[in-house]
Structure formats: structure tokens, C-alpha cells
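Biologist: I would like to learn how to read the contacts in a protein model. Could we take them one term at a time?

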Number of protein chains: 2
Amino acid sequence: MPEQSPLDLAEGDPFGPHNLPYGVFTTAGEPDRRRLGVRIGNHVLDVGAAAHALGSPYAGLLARPNLNPLLAAGRTAWRDVRRAITAWVTVPAHRPDIEPLLHPVDAVTMHLPYEVADYVDFYASEHHATNVGRIFRPDGEPLTPNWKHLPIGYHGRSGTVVVSGTDVVRPSGQRKAPADPAPVFGPSVKLDIEAEVGFLVGTPSEQGKPVALADFRDHVFGLFLLNDWSARDIQAWEYVPLGPFLGKSFATSVAAWVTPLEALDAARTAPPARDVELLPYLDDSAEEEPGGFDVRISVAINGRVVAEPPFDTMYWTAAQQLAHMTVNGASLRTGDLYGSGTVSGPEVNQRGSLLELTWNGRDALELPEGKRTFLEDGDVVTLTAWAPGPDGVRVGLGEVAGRIVPAH
Amino acid sequence: MPEQSPLDLAEGDPFGPHNLPYGVFTTAGEPDRRRLGVRIGNHVLDVGAAAHALGSPYAGLLARPNLNPLLAAGRTAWRDVRRAITAWVTVPAHRPDIEPLLHPVDAVTMHLPYEVADYVDFYASEHHATNVGRIFRPDGEPLTPNWKHLPIGYHGRSGTVVVSGTDVVRPSGQRKAPADPAPVFGPSVKLDIEAEVGFLVGTPSEQGKPVALADFRDHVFGLFLLNDWSARDIQAWEYVPLGPFLGKSFATSVAAWVTPLEALDAARTAPPARDVELLPYLDDSAEEEPGGFDVRISVAINGRVVAEPPFDTMYWTAAQQLAHMTVNGASLRTGDLYGSGTVSGPEVNQRGSLLELTWNGRDALELPEGKRTFLEDGDVVTLTAWAPGPDGVRVGLGEVAGRIVPAH
């Protein structure tokens with residue numbers, strides 16, 4: 001009996017040929033040569049080498065150390081390359097060429113798959129924003145007056161976006177409890193996560209020209225899980241009046257795998273009903289394609305699932321965020337990424353941050369290794385997710401994991 | 001009588017050999033070939049060609065289309081290259097090689113001289129922050145409680161940083177006056193400037209490792225004028241709770257010339273006395289070098305000077321801003337830039353924004369072409385500046401100019 005091929009996947013494998021996320025890897029033998037890979041099952045296909053072996057017209061675009069040239073090539077190229085790769089991993093005649101170019105996922109090292117241009121983070125979950133408002137402004141309206149009129153966002157630090165698996169050094173900074181006479185300095189004692197979905201821009205836009213809702217798919221290549229690590233104590237003291245800065249800028253972890261939007265056609269879903277009339281540039285009621293994505297996220301601490309935030313509950317969609325981000329004429333660059341904001345559903349076990357899950361430390365989580373209000377040194381946080389794919393099969397999203405190491 | 005050399009400068013020329021700012025230019029004959037230039041008088045020296053002609057060991061570093069490789073080479077290289085260029089423009093024996101490589105400033109096109117990594121904007125003028133607080137919160141304390149404990153800052157959009165001379169399209173967006181029932185959409189009616197000094201990072205730092213106050217000059221290459229265009233109406237509606245976003249992200253203009261810190265040794269000056277005790281990482285009372293820079297800025301609208309903000313009045317220094325920005329472990333990259341925040345002095349005619357100069361539109365400026373509260377289409381805003389140099393001569397900073405064009 002012949003050895004089973006890595007291309008013979010179990011039925012329903014979430015990384016089957018319906019998925020095909022992109023990443024960048026190196027092998028132990030060539031640790032300095034970064035290559036584009038596409039995940040198939042538990043293997044990574046060296047797509048640059050495959051394109052070369054099969055004489056693909058995309059060999060040049062795929063023989064690169066990161067995704068940016070493919071991202072810049074635009075939507076037609078994205079579609080054509082995906083079709084080609086789908087054929088490579090499904091047409092039996094290609095197997096002799098393809099099988100030698102497969103590496104077990106466990107045997108390679110994954111890297112940040114793109115060069116980040118600008119990084120923007122939004123605040124698009126009504127449940128999350130309401131929870132935060134109740135925690136920090138218990139006597140006021142939980143949502144600010146602008147919240148349902150525009151997707152609130154701010155720029156984050158591109159230079160500290162790191163790939164899944166990178167350790168996160170506990171940040172130090174100033175904090176001040178309301179009763180303290182002056183701020184104190186030290187390692188954050190309220191280190192938190194934010195479970196988010198990130199979106200990756202491929203096609204740039206021109207400065208001065210907004211990108212319409214309907215052009216979302218011409219500009220956005222794919223999505224991925226994102227953990228927007230947050231030091232709540234640093235953030236609370238610094239953020240008035242100009243927003244979060246050091247409470248966020250020390251690290252943002254992203255998955256090693258970017259899932260193309262085309263793999264998520266079956267996961268598109270209508271966003272929640274809107275409570276206020278939207279200005280025309282944000283009004284998606286007449287859009288052909290529903291703006292939401294039915295992505296089911298799991299948040300685990302040290303392997304124990306503590307929350308399951310549902311992305312289909314997000315009030316603002318990624319297309320609305322893109323339209324808003326550019327309506328003032330701000331241009332897009334290849335490699336821009338933006339986060340959805342913390343994903344929290346209506347239920348207690350659907351909250352995407354420890355701030356909410358423990359109600360700012362009031363209600364500790366009981367984990368086998370002890371109580372947790374915020375993260376302890378050594379804790380490993382892992383986000384995983386899946387979305388409905390074609391014919392009832394799941395589309396797996398690449399995980400984003402990070403371990404907290406003690407402050408410097 | 002021989003023709004005068006471009007290197008024979010008038011006494012006290014603010015762009016003499018004591019200054020030597022760096023930029024990137026193209027010529028009409030080769031519009032696609034970007035080259036590094038150093039300004040001397042009213043000429044630009046093609047320093048890549050000069051290094052080649054004179055057999056300099058830095059020829060490779062200078063034959064580049066932008067400053068980033070030189071920035072990344074570090075402080076010793078910055079010093080040595082500056083020494084070499086100083087010799088090229090001052091030693092008579094070099095004239096036959098150098099003179100053919102000089103281009104009149106008016107005959108070349110200047111470009112953004114560096115690739116921007118992250119862009120951070122601070123809020124470091126006590127006078128500015130106090131004015132803004134009085135305008136927007138007339139019944140409260142003008143400064144937030146954190147203001148004198150840390151240099152408040154936030155991340156801006158790197159992708160919309162443009163070089164002096166680039167037109168600025170009036171941004172559109174949502175605005176809502178307090179009495180309006182809902183926001184309206186349209187071109188900003190409160191388009192403003194912010195006169196700032198920007199700082200350019202050369203030497204990167206490692207994620208997780210703060211940069212100390214004393215290491216400022218190892219990381220920062222130079223400074224330049226910056227205009228942080230601001231749409232006050234868009235900003236007012238969006239900025240609570242996560243800070244400025246579309247009110248700022250449409251454009252930030254920077255000078256075409258970066259002045260090396262070494263040219264500003266005579267301009268170093270002590271910052272104002274501190275009113276509260278600073279945490280050790282910000283306490284500059286024992287630093288060898290004074291943290292301030294005596295830079296005298298002029299703001300002109302359509303050629304008429306409307307304000308003269310004095311940079312030596314800034315409460316927070318650039319070294320403190322760098323230390324703060326990294327104290328949480330955020331890394332620096334070559335090409336990071338950060339703005340000081342609007343420079344405003346204690347006097348009415350020293351305010352660096354129209355918001356302050358007109359007290360949010362209450363007191364119009366009288367210009368020859370009519371009254372101005374905020375900017376009109378067609379207005380040209382020009383920031384110029386100088387600083388004290390060696391032996392009483394002035395160090396000229398490159399201007400930053402921009403013209404407002406109508407909304408898209």
C-alpha cells in the first residue's frame with residue numbers, strides 16, 4: 001500500500017483546499033531564506049517553488065520573502081493565484097511536483113507575513129463598548145454620543161506588530177489609582193488581551209480620494225486573528241484626552257496565516273440592525289454583499305477556553321471601517337492593517353477581554369493553575385477561530401498565541 | 001574677474017557650512033532618479049555624486065534614493081559623513097570636483113527625504129494645551145491631571161505624511177455642533193494648522209528595551225518643521241474616547257530638509273522649570289545636555305506672518321518624549337518620526353494654531369485678502385524657522401509650505 005500523501009486530507013479538514021491561507025516560513029535548513037507558503041492540512045506548500053516547478057506566470061510574484069508584492073498586485077491577481085494554487089493541491093497530475101514542496105507545519109518557523117504600513121484599531125462591538133462604558137463610567141451613558149454614527153478608531157504602532165508565537169514582555173509605565181496623590185511607575189498589574197479580527201489592505205488608494213463601501217473587496221486581501229494586548233492601568237492614566245498610547249503600543253500579535261476573503265464567501269452575514277440612520281458613505285443597507293463575517297473565536301489561557309466571542313455580532317463592518325478611514329481623503333497603502341476592535345457578544349462567556357470577563361478584576365476567573373483577574377507572567381493566551389465554509393465544511397483561521405514574560 | 005562660486009556665501013547665510021541639512025531631490029533632466037542632497041546656500045549638493053568623485057568611503061551610503069540607509073548607519077556614521085561633507089564644501093582644493101555637482105535649489109524638485117515608519121504626535125506645549133483646555137472646557141481645569149506627569153502623545157498616520165509643497169485637499173467628514181440633533185457630512189469648515197517641530201529617528205531599538213533620556217542623540221538624527229493639519233470640527237465630534245483620527249489623518253506636511261542635531265548644538269537650551277516631580281525615567285534635571293532647542297518659528301498665511309511660536313517654551317523635551325514613547329518596551333525603527341505638538345508661547349502672537357489665534361473662530365485675523373478664522377481654499381500656509389548657530393550665525397530650518405485645495 002503506498003504511503004498516504006499529505007494532500008489526502010481527512011474529510012472536513014478546516015485547512016482543506018477551500019481555505020488556503022498565506023504565510024511566510026523558513027526551514028531549519030535555511031533559516032535566513034523567508035518564503036511564501038500556503039497551508040494545506042498540516043503542511044505548508046512552498047508556493048514560490050511550486051510556481052517555478054509548474055511554470056506558473058506568477059512565479060515572480062510568489063518567489064518573495066513576504067506577501068506585499070502579491071498584495072499590491074490587486075484583486076484579479078489574488079483570484080488567479082488562488083485558482084492556480086487550488087489546482088496545484090487538488091489535481092492528481094500535479095502531485096509529483098507538489099509533494100516534495102510540502103513541509104510539515106510543525107517543522108517550519110513562521111514569520112510576520114507582510115510588512116505593516118499603517119495600523120488602525122477600531123472599537124466596533126456594541127457589547128464591548130457598552131461593557132467598557134459601564135465599568136469606567138458607571139454613572140453615565142455607556143456609549144459616547146458618536147458611537148452609533150461612526151466607527152470609532154485610532155492609529156496604533158505598526159513597528160510593534162509581531163507574529164503569533166512571539167513572547168510579549170510585560171510593559172512598564174505610569175499608573176495612578178484615583179485615590180493616589182501621584183502616579184507610580186512599574187510593571188503593569190492589569191495586563192489584558194483583546195480578541196480581534198484584523199484586515200489586511202492590498203490595493204492602495206490615492207490621497208484625497210475616499211474608498212466607497214462597495215470597493216471593500218478591491219482593496220482588502222484577507223483577514224486574520226489579532227490580539228491587541230492592553231495594559232489597562234497604563235491606559236487608564238494616559239488616555240485622556242488623546243487616546244490610548246503606551247497602554248497598547250508595546251505589542252500587537254497577529255496570526256501567521258492570512259485567510260483570503262474569497263475563502264470566506266460562505267461566512268458573509270448581515271450585521272446587526274442599525275439603531276440610527278447612517279450617513280450615506282456608511283449606509284450599507286443596499287450593499288449587494290452582507291458586510292459581516294460569521295467567525296467564531298475561542299480565547300484560551302494556558303489551554304483552557306475562557307471565552308467564545310462571536311464576530312457576527314459586531315455593529316460596524318470591515319467595509320464600513322474602510323470607508324470611514326478614507327472618507328477624509330486618507331490614502332491606503334499596501335500592508336495597511338486594521339483591527340475590528342475587541343469582539344464581545346451579548347453573553348458573559350462571549351467577552352473578548354479580561355477587563356470584561358472579570359469586570360475589571362472584581363470577578364476572578366478560576367483556572368486550574370489559580371485565579372486570574374489579569375494576566376500573570378508565564379501565561380500563554382491563544383486565540384483560535386473558524387468560519388462556515390462551502391458545503392458545511394469549516395474554514396480554520398490561523399491561531400494567534402503569545403506568552404507573557406516578566407518586565408524588563 | 002572669475003565668476004563667483006555658489007560656495008562663496010554671504011556672511012551669515014543661514015544655510016552655510018555650519019548647517020548642511022539633508023534632503024532628497026530630482027532634476028528636470030532626470031525626474032525619476034531620486035538622490036540625496038545637502039543644502040549649501042541656495043544650492044543643493046549631490047552628495048552621492050560628490051562622495052563618488054572624491055572616493056569617499058561613504059559613497060555607498062550616500063548613493064541612495066532616500067535617507068534611511070544613512071539614518072540606520074548610526075551616530076558615528078552621521079558624524080563622519082557630516083565632517084566629510086563639511087570638508088567638501090569648505091576646502092578650496094575640492095572646488096573643481098564639487099562645483100559641477102551643485103544645483104540651484106529653485107531648479108530641483110524636492111521629495112519626502114525618508115520612508116516614514118511610525119509617526120507619533122505629542123502635545124508638549126503648556127500654553128497650547130492650556131489654551132485648548134480653556135476653549136473646549138471653559139468650566140474645568142484647562143490641563144488634564146496627567147499633563148505634567150507624562151508627555152501626552154498618540155500615533156498618527158504615517159502614510160499621509162507629505163513633503164513641503166504638496167497640496168492639501170480639504171478633508172470631508174462628520175461634524176456635529178452640540179445643538180444639532182445628528183451629525184452632518186461635508187467638507188471641514190474648521191481647517192487649521194499646527195506649527196510643530198518634528199524629530200527623525202535613525203538608530204532602531206529592541207522591542208522590550210526602553211531608551212533612556214541620555215541616549216537621545218544615539219537614536220535621533222535630526223529635526224525639521226512639521227505642520228499637523230487639523231480639521232477641528234471633525235476632530236471635536238470623533239475624538240472621545242479614543243483620540244484624534246480623521247481630524248488629523250488626511251495629511252501631515254514636513255519640511256524637505258532635515259537638520260542634523262549636530263548643527264543645533266548652540267541652540268540647546270534648558271526647558272521651563274517643572275512644576276511637579278518627575279518619575280526617574282523622565283527626570284532630566286541631571287542630564288549633561290539641556291533638553292530644549294531654541295528654535296524661532298514663523299507662521300505665514302499667504303505670505304503674511306500671523307504668529308511667531310518660540311520652541312524653547314515647550315514643557316516636554318524631545319528626549320523626554322523619546323524616553324516616554326519607549327518606556328513600555330515599544331521599539332524604535334529607522335524612519336520613525338515624532339512631532340512636538342503645537343508650539344505656542346505665552347503671548348497671543350506666539351500661538352501655533354488658528355484655533356488659538358482666533359479663539360475657535362471668535363476673533364478673526366485681518367489679512368489683506370480678507371478675514372480668516374480657519375483656512376479658506378487657496379490659502380498657502382508656510383512655516384519657517386531659525387535657531388542660533390555657532391558664532392552668532394543663524395541655522396535656517398527648511399520651510400514647510402502647503403496650499404489648501406477644495407474638497408474632492
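Modeller: Start with the polar contact: a pair of N or O atoms within 3.5 Å, where, within protein, one must be able to donate a hydrogen and the other to accept it, and residues adjacent in sequence count only if both atoms are side-chain atoms. By that rule, 26 residue pairs are in polar contact across the interface of chain A and chain B, both residues being at pLDDT 80 or more. This is a predicted model, in which local features need pLDDT of at least 70 and side-chain atom pairs count only at pLDDT 80 or more, while totals for chains, interfaces and linings use all residues. Residues are numbered from 1 along each chain as its sequence is written, chains are lettered from A and ligands numbered from 1 in the order in which they are written, and side-chain values use heavy atoms, with hydrogens and water left out.

Biologist: How many residues of chain A and of chain B are in contact?

Modeller: Contact means heavy atoms within 4.5 Å. Here 57 residues of chain A meet 58 residues of chain B.

Biologist: What is the area buried between chain A and chain B?

Modeller: Buried area is the accessible area (1.4 Å probe) that two parts lose on being put together, summed over both. For chain A and chain B it is about 5,300 Å², and carbon and sulfur atoms give 62% of that. On the chain A side, R157(A), L242(A) and F245(A) lose the most area to chain B, together 15% of what that side buries.

Biologist: How many salt bridges are counted between chain A and chain B?

Modeller: A salt bridge is a side-chain nitrogen of Lys or Arg within 4 Å of a carboxyl oxygen of Asp or Glu. The count between the two chains is 2. D336(B) forms a salt bridge with R157(A), and their closest N and O atoms are 3.0 Å apart.

Biologist: Which element gives the most to the side of chain A that touches chain B?

Modeller: Elements are DSSP runs numbered from the N terminus: helices (H or I, at least four residues) and strands (E, at least two). β7(A) gives the most to that side, with 3 residues. For the classes, Ala, Val, Leu, Ile, Met, Phe, Trp, Tyr, Cys and Pro count as nonpolar, Asp, Glu, Lys and Arg as charged, and the others, Gly among them, as polar. The side of chain A that touches chain B divides into 32 nonpolar, 19 polar and 6 charged residues.

Biologist: Is T160(B) buried or exposed?

Modeller: Buried means under 20% relative accessible area, exposed over 50%, and partly exposed in between (1.4 Å probe, protein chains only). T160(B) counts as buried because its relative accessibility is 0%. T160(B) lies in the loop between β7 (153–155) and β8 (161–163) of chain B. Its side chain reaches the backbone oxygen of R157(B) at 3.4 Å, and a polar atom of that side chain lies 2.7 Å from the backbone oxygen of S249(B). Not counting residues up to four places away in sequence, T160(B) touches residues including Q207(A), A330(A) and S331(A).

Biologist: Where is S158(B) found?

Modeller: S158(B) is in the loop between β7 and β8 of chain B. With a relative accessible area of 4%, S158(B) is buried. A polar atom of its side chain lies 3.4 Å from the backbone nitrogen of Y119(B).

Biologist: How many residues of helix α9 of chain B are buried?

Modeller: In α9 (residues 318–326) of chain B, 9 of its 9 residues are buried. They pack against several elements, among them α9 of chain A and β6 (119–122) of chain B.

Biologist: What does the domain assignment of chain A give?

Modeller: Domain bounds come from an automatic or database domain assignment. For chain A it gives domain 1 (22–111) and domain 2 (119–405). Their centres, taken over C-alpha atoms, are 29 Å apart. The contact takes 18 residues from domain 1 of chain A and 18 residues from domain 2 of chain A. About 1,600 Å² is buried between these domains, 67% of it from carbon and sulfur atoms. Y22(A), L71(A) and W78(A) supply 39% of the area that domain 1 of chain A buries against domain 2 of chain A, more than any other three residues.

Biologist: Which residue forms a salt bridge with R75(A)?

Modeller: D218(A) does, the closest N and O atoms being 3.1 Å apart. Across the interface of domain 1 and domain 2 of chain A, the rule finds 1 salt bridge.
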